Amino acid sequence: MNEQRKIRVSKKLARHLRHEPARIGLTLDPGGWVPVETLLAALAAHGFRLSRAELDEVVRTNDKRRFAFDETGTRIRASQGHSVEVDLALPTAEPPDALYHGTVARFLPAILAEGLRPMNRHAVHLSATIETALKVGARRGASVLLRIDARAMAAAGHEFQVSANGVWLTAAVPPGFLQQAEPT
Ligand code: HQG
């Protein structure tokens, strides 16, 4: 499969497994899972033909490992990033001392005043590396880096989870635990 097709498939899957399952007649279970057969049939019924082999290839080679099969390989879900109600049932995890978030200058005044909020998603997304955070910010313009004192947050009772694809999730980051940082 060429890269362009892979990106198209990934966007299609993200749309329906994170945001708009009902648009193609899908219902996600409470954990966000959908049977692979059902997904492929729903896509086909809406004019998007995708074979199981192609789906496997996209799941396996996706740049951010956005999707995962269950242990039996019969169900699939997005590993994070949902706007629809799901409970990924991820265990609470001990974060590293620092986590990072990439954003853009126009959001800074609000973020410094009220902290990071999940906006349309279920959780605030944080990165373990500066490099990844800068890429996340760069989707919107010149990236501004924030350093989050995850250790202090955890000590203060905030819970963290890490998704199957290594994204750190937390409900919100109060302003006292973040500061702008230089991308060194
Ligand atoms: C900002 C992509 C104003 C926040 C990425 C961000 C990531 C605030 C935007 C994943 C705010 C939300 C998530 C506040 C936060 N006031 N703005 N209080 N708090 N913001 O897309 O973290 O390719 O929901 O800085 O790579 O940018 O989809 O979150 O700019 O991993 O797999 O509000 O999405 O992954 O935007 O990105 P998003 P995000 P995928």
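**Working chat on the model**

Q: What relative accessible area does R65 have?
A: R65 has a relative accessible area of 45% and is therefore partly exposed. The cut-offs are under 20% for buried, over 50% for exposed and partly exposed in between, with a 1.4 Å probe and protein chains only.

Q: What kind of model is this?
A: It is a predicted model, in which local features need pLDDT of at least 70 and side-chain atom pairs count only at pLDDT 80 or more, while totals for chains, interfaces and linings use all residues. Residues are numbered from 1 along each chain as its sequence is written, and side-chain values use heavy atoms, with hydrogens and water left out.

Q: Back to R65: where is its place?
A: R65 sits in the loop between α3 (52-61) and β2 (67-69). Helices (H or I, at least four residues) and strands (E, at least two) are DSSP runs, numbered from the N terminus.

Q: What is the phi of R65?
A: The phi of R65 is positive, about 45°, although R65 is not a glycine. Most residues other than glycine have a negative phi.

Q: And what about phi of A89?
A: A89, also a residue other than glycine, has a positive phi near 55°. A89 belongs to the loop between β3 (75-78) and β4.

Q: Buried or exposed, A89?
A: A89 counts as exposed, because its relative accessibility is 61%.

Q: Why does the radius of gyration agree with a compact globule?
A: A compact globule of 184 residues would have a radius of gyration near 16 Å, and the protein has 18 Å, which agrees. The radius is taken over C-alpha atoms, and the globule rule is 2.2 Å times the number of residues to the power 0.38. Along the principal axes, the C-alpha atoms fill a box of roughly 50 × 30 × 25 Å.

Q: What share of the residues counts as buried?
A: Of the 184 residues, 41% count as buried. The protein exposes about 10,000 Å², and carbon and sulfur atoms supply 52% of that area. These areas come from the Shrake-Rupley method with a 1.4 Å probe; for residues, only the protein chains shown count as cover.

Q: What share of the contacts comes from residues 24 or more positions apart?
A: Such pairs account for 71% of the contacts with a separation of 6 or more. Contact means heavy atoms within 4.5 Å.

Q: Let us take H101. Where does it lie?
A: H101 lies in strand β4 (residues 98-104). It counts as buried, because its relative accessibility is 14%.

Q: Which residues does H101 touch?
A: Leaving aside residues up to four places away in sequence, H101 touches L116, H125, L126, A133, V144, L145, L146 and I148. The side chain of H101 also reaches the backbone oxygen of H125 at 3.0 Å.

Q: And S10, where is that?
A: S10 is part of helix α1 (residues 3-19) and counts as buried at 7% relative accessibility. Beyond residues up to four places away in sequence, S10 touches V58, N62, R66 and F67.

Q: Which residues does E57 touch?
A: E57, in helix α3, touches M1 and K6, not counting residues up to four places away in sequence. The C-alpha atoms of E57 and L146 are separated by 34 Å, at 89 residues apart along the chain.

Q: How far apart are the C-alpha atoms of P175 and E114?
A: They are separated by 5.8 Å, although the two residues are 61 residues apart along the chain. P175 lies in the loop between β8 (168-170) and β9 (178-181) and is partly exposed, with a relative accessible area of 31%. With residues up to four places away in sequence set aside, P175 touches I111, L112, A113, E114 and G115.

Q: Last one: where is the place of H46?
A: H46 is in the loop between α2 (36-45) and α3, and it is partly exposed at 47%. H46 touches R23 and I24, not counting residues up to four places away in sequence. Between H46 and G25, 21 residues apart in sequence, the C-alpha to C-alpha distance is 9.3 Å.

Notes:
Polar contact = N/O pair within 3.5 Å; in protein donor to acceptor, adjacent residues only side chain to side chain.
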